[in-house]
Amino acid sequence: MGANVSSIELEPDGPKPKLSDIPESCIASVLSYLDPPKICDLARLNRSFRAASSADFIWESKLPSNYLSILKKLFEDESFSHLTKRDIYALLSKPNSFDSRQKEVWIDKRTAGVCLAISWKAMTITGIDDRRYWNHILTDESRFQTIAYLQQIWWLEVDGDLEFPFPAGTYSLFFRLQLGRASKRLGRRVCSPENIHGWDIKPVQFQLATKNGQQATSRHMLDSLGSWVNYHVGDFVVVDSNSSTKLKFSLTQIDCTHSKGGLCIDSVLICPSSLAKQLRFSS
């Protein structure tokens with residue numbers, strides 16, 4: 001009997017369903033649970049997936065909760081008002097300059113966490129306009145295309161401030177520094193130790209303070225020649241996404257018993273603390 005049953009050829013019930021048969025609303029609902037890179041990958045499958053991936057409710061859930069405040073900070077003329085939520089996400093996921101192009105902000109493509117960089121040009125630095133102490137160097141190693149190189153000084157203070165509408169969360173702040181001046185020789189990157197001195201005697205002090213009373217202090221010896229290092233200053237917490245966070249930060253080495261030199265200053269970096277592991281002491 002089993003042999004007879006196995007010999008029966010079953011008739012097909014009809015055409016097999018295709019991906020294009022799935023309603024766009026169902027596809028959009030599934031896509032809303034994925035991260036943006038995966039959504040973009042699936043949008044390449046066919047027209048249905050591409051159309052579904054444009055749904056505003058998908059991308060609004062991926063944007064920072066206060067994305068409108070961020071847009072108004074960056075684009076005062078509200079030139080973004082005609083954009084779809086996907087277009088806004090694409091816009092914010094790229095670096096956007098503000099404050100005379102001395103600061104940049106972008107969102108992490110996977111988490112939508114707000115990240116921000118501040119050029120040394122937006123900071124107050126001891127003797128920065130005196131070429132006996134500092135050189136301003138053009139380089140492609142900085143997102144701002146320029147760094148400050150310290151030749152020699154006895155008293156060093158670097159101070160900066162920021163006011164920005166961060167979404168609620170915990171953030172980490174870093175100074176991006178390098179010992180030694182890098183250059184290209186025969187197509188290879190080399191870093192000269194010339195002028196490096198004074199950093200192995202006492203640590204550099206870093207400080208962070210917010211207007212609502214949060215404070216952090218850290219101290220680091222600068223000893224990594226030829227590599228950009230992100231020195232962790234501290235963390236701060238944002239509770240209210242509807243108002244701007246005001247903070248101050250600084251780097252100081254004011255022991256006048258010795259001079260110091262050979263230091264490159266690039267920028268200050270701020271990112272959600274959940275993303276900070278990849279920045280800590282990385283080049």
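**Before you start.** A strand, written E, is a DSSP run of at least two residues, and strands are numbered from the N terminus. The model shown in these close-ups is predicted.

Figure 1. Strand E2 (103-107), strand E3 (114-119) and strand E15 (263-272) each give at least two residues to the lining of the largest pocket. The largest share, five residues, comes from E15. About 300 Å³ of space lies in this pocket. Among its 19 lining residues, those closest to the centre are Trp106, Cys115, Arg143, Cys271 and Leu279. Sorted by class, the lining holds nine nonpolar, four polar and six charged residues.

**Figure 2. Strand E15 and its pairing partners.** Let's stay with E15, which also contributes to the pocket lining. This strand is mostly covered, with 10 of its 10 residues buried. E3 pairs with E15 in the antiparallel sense over four bridges, and here you can find Leu116 opposite Ile270. Strand E6 (residues 146-150) is also antiparallel to E15, with three bridges; look for Tyr149 standing opposite Cys264. Strand E8 (residues 169-179) and E15 make an antiparallel pair too, over nine bridges. In that view, Tyr171 stands opposite Pro272 of E15.

**Figure 3. An open sheet of five strands.** Follow the strands across this sheet and you will meet them in the order E4-E7-E14-E11-E12, with antiparallel pairing. Strand E4 (124-125) and strand E12 (215-220) are the edge strands, each pairing on one side only. Now zoom in on strand E7 (residues 156-164) and strand E14 (residues 245-253), an antiparallel pair with nine bridges. A handy landmark here is Leu156, which stands opposite Gln253 in E14.

**Figure 4. Cysteines without a disulfide.** A disulfide is a covalent bond between the sulfur atoms of two cysteines. How many disulfides does a search of the whole structure find? The search finds zero. Take Cys191 as an example: the closest cysteine sulfur belongs to Cys264 and lies 6.8 Å from the sulfur of Cys191, which is too far for a bond. To count as a disulfide, the two sulfur atoms would have to be within 2.5 Å.

**Figure 5. Two cysteines, partly exposed.** Are Cys191 and Cys256 buried, exposed or in between? Cys191 is partly exposed because its relative accessible area is 21%, and buried means under 20%. Cys256 is partly exposed as well, with a relative accessible area of 42%, whereas exposed would mean over 50%.

Methods:
Residues are numbered from 1 along each chain as its sequence is written. This is a predicted model: local features need pLDDT of at least 70, side-chain atom pairs count only at pLDDT 80 or more; totals for chains, interfaces and linings use all residues. Side-chain values use heavy atoms; hydrogens and water are left out. Buried means under 20% relative accessible area, exposed over 50%, partly exposed in between (1.4 Å probe, protein chains only). On a 1 Å grid over the protein atoms alone, a cavity is a set of points where a 1.4 Å probe fits but cannot get out, and a pocket is an open set with protein on both sides within 12 Å along at least five of seven lines; lining residues have an atom within 4 Å of a point. Grid points are joined across faces, edges and corners, and a volume is the space filled by probe spheres set on the points. Ala, Val, Leu, Ile, Met, Phe, Trp, Tyr, Cys and Pro count as nonpolar, Asp, Glu, Lys and Arg as charged, and the others, Gly among them, as polar. Two strands pair if DSSP finds at least two bridges between them.
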